[in-house]
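Please have the model open while reading.

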Amino acid sequence: MSVVDFPQHRIVRRSRRAKRDISITSLENQHVAGRRLLRGALNFDRHSSKRGDVLNFAPKEALPTECPPDKAAPLSGLFVRLVEGPIVDATFCDSFSAMGKVAKANVDPCVWAACSLIVYDEEWPGGPIARVVDFAKQRRLIQYKKFGAIIRLSPEAGVGIRSTEDSPHYSFWMAYGFQPATAVQDIVSLL
Amino acid sequence: MRKRPKMRASFIQTLVYYDEPLLALLQNRKGTYILAYAMDENATDLKDPYLAKPVSKPLLDAYIQQKADLNFVMRDKRTGEPYIFDWAEFDNEALLYPAEQITDDYTQFYPEPGFFSRNHTEPFLNRSIASLVKHAYRIDGRWSAADFSRFYAKLADLYAIFSYLGELRRDKSIVSNGLSSTVSRYPWQGGGSYLGFFREVAAESREDYPLQVSRIQYASPGQIEVKGVQDSLTQIDNLITHFGSVKADLSHTYRELRSILERDGALGSDALTFSNGAITAMALSRADTILEEMRAFDVEIIRDACSDKPVPYAKLAMAIYRRGLDLHRFHAEGRVQLPEGPSTH
């Protein structure tokens, strides 16, 4: 397994750095995506629309049938993946399904096969990392996930769904060939 | 201090998801909402532990409206202490253990202050489910007050034992000792013991399996409507229906068993064992047959619970048979029609 280190990136404690040149565009994209995906909750209706964008989608991981759902759309811009340490390897965006964990009861297998991402919200008081820190207060997260890897996605990276317009969470299905480690912009401490 | 009973709860929705459900809304069989959040994975011996807290609707609303954080909700005493359950064992329902039975100090696992519902990843659906179902028995012919009383008493006894055994099936290790000690506490000499046993079993499961009479319509035809857990009520209906086809065999075996007990002097005594191995084997074989023929019980579980008490085991089989027979009679006489299907409340 290849390990990708990012020694050139400073580990920031509660970073408030604004990458406006990058993220204004990305936030616009996310906002559009958010509106489009407003009804794309985890318990989606698989039969409600034609499988548009996702028809040509070649997934990186093995997915259940009719997954990703119809409402999934390409994601672009900045997002945060919670990680255990300041160094990530090629698998840090792998879903629990790809890790070989059996889907939990009451979880859609398609969602189980997705990578969870947190919104990079520059409009959040205190900045986008403060948004992530607020979310990561959950006990099981804070026990293991003490860092946030900021990643930049292009539409070719994969497709995703935001549960609601205000949800901090995206379900993201990586496209075949996408190397998430190369998309990492920074890794920040959440402590 | 009274030992808190376990409870069962159904999944309503996930509220916070990140690679897995981190906060979920459940509802117990009485309709009380329960917030359950993922604990540290190594906090207990459970594979995937969640701390679950019953919450009142106003408190849940306050949390959803961000008027209280999750820490406040979990510490609120008004709706009782928290429970812990293993999501890895989540079937149709989760079995929630009082937190103090799982860990000495569960307060250390309370969520950090400042986790508000703004961090919910999923929309709050404001949904609820009905765990208890209404079950209406249509009645006809002439019914005296004693008939009503007898019908309900037998129904309640069987409902209690079915519910209790259902729990045993799911959680053998923890509850079977309870049944064994309950069996041991009674001398099994006469009606009082049987009544006491079923009452105790019902009390043990009352928190989780309330059987309530929701309506009695005295007219002829009329109806007796009860509210309870569907599984147990369906099992009783199946027993009543099935009883007719095996009644003759069952009756014969019952008489044999009763005769064995009588001849051995065990019928009116508080003996736990028979006078010798041959009689024990004969009695156990007939008690097994009775329970197996009724096709409603996990014979092994009851037998395990009574492993060193063959006399109470035989008496218990007879008591269950008599209750099944009584209910079946109402049905065979045409005075009770079984419900065609349960309806939710």
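Over all chains, the count comes to 21 salt bridges. A salt bridge here is a side-chain nitrogen of Lys or Arg within 4 Å of a carboxyl oxygen of Asp or Glu. Side chains of opposite charge can pair when their charged atoms come close.

This is a predicted model: local features need pLDDT of at least 70, side-chain atom pairs count only at pLDDT 80 or more, and totals for chains, interfaces and linings use all residues. Residues are numbered from 1 along each chain as its sequence is written, chains are lettered from A and ligands numbered from 1 in the order in which they are written, and side-chain values use heavy atoms, with hydrogens and water left out.

| Pair | N to O distance |
|---|---|
| B:Arg118 and A:Asp134 | 2.6 Å |
| B:Asp19 and A:Arg81 | 3.1 Å |
| B:Arg4 and B:Glu100 | 2.7 Å |
| B:Arg335 and B:Glu333 | 3.1 Å |

**Salt bridges within chain B**

B:Arg4 pairs with B:Glu100, with N and O 2.7 Å apart at the closest. The pair links distant parts of the chain: B:Arg4 lies in the segment before β1, B:Glu100 in helix α3, 96 residues apart. Helices (H or I, at least four residues) and strands (E, at least two) are DSSP runs, numbered from the N terminus. B:Arg4 counts as buried because its relative accessibility is 18%. B:Glu100, at 32%, is partly exposed. The cut-offs are under 20% relative accessible area for buried, over 50% for exposed, and partly exposed in between (1.4 Å probe, protein chains only).

B:Arg335 forms a salt bridge with B:Glu333. B:Arg335 is buried, with a relative accessible area of 14%, whereas B:Glu333 is partly exposed at 47%. Salt bridges that share partners join B:Asp147, B:Arg150, B:Lys154, B:Asp326, B:Arg329, B:Glu333 and B:Arg335 into one network.

Helix α10 of chain B spans residues 310–332. Its 23 residues reach 32 Å from first C-alpha to last, close to the 33 Å expected at 1.5 Å a residue. That expected span is 1.5 Å times one less than the number of residues. Of the 23 residues of α10(B), 19 are buried, so the helix is mostly covered. Just after α10(B), B:Gly334 takes a positive phi of about 85°.

**The contact between chains**

How much area do chain B and chain A bury between them? The figure is about 2,900 Å², 51% of it on carbon and sulfur atoms. Buried area is the accessible area (1.4 Å probe) that two parts lose on being put together, summed over both. In chain B, B:Tyr17, B:Tyr18 and B:Asp19 lose the most area to chain A, together 27% of what that side buries.

Chain B brings 33 residues to the contact and chain A 31. Contact means heavy atoms within 4.5 Å. Between the two chains there are 4 salt bridges. One of them joins the side chains of B:Arg118 and A:Asp134. Strands β1 (7–17), β2 (21–28), β3 (33–38) and β4 (49–55) of chain B each supply at least two residues of the side that touches chain A. The largest share, 3 residues, comes from β1(B).

B:Asp19 sits in the loop between β1 and β2 of chain B. Its phi is positive, about 65°, although it is not a glycine. B:Asp19 forms a salt bridge with A:Arg81. This pair crosses between chains, with A:Arg81 in strand β3 (residues 77–83) of chain A. Both partners, B:Asp19 and A:Arg81, are buried.

B:Asn119 is found in the loop between α3 (99–102) and β7 (132–139) of chain B. Buried or exposed, at 0% relative accessibility? B:Asn119 counts as buried. Leaving aside its neighbours within four places in sequence, B:Asn119 is in contact with A:Arg131, A:Asp134, A:Phe135, A:Pro168 and B:Val16.

**Chain A and other backbone features**

Chain A has 4 helices and 9 strands. Of its 191 residues, 55% are buried. The peptide bond from A:Cys67 to A:Pro68 is cis, with omega near 5°. A:Pro68 is in the loop between α1 (20–36) and β2 (73–74) of chain A.

In chain B, B:Gln66 has a positive phi near 60°. B:Gln66 lies in the loop between α1 (57–64) and α2 (70–75), and is partly exposed at 37%.
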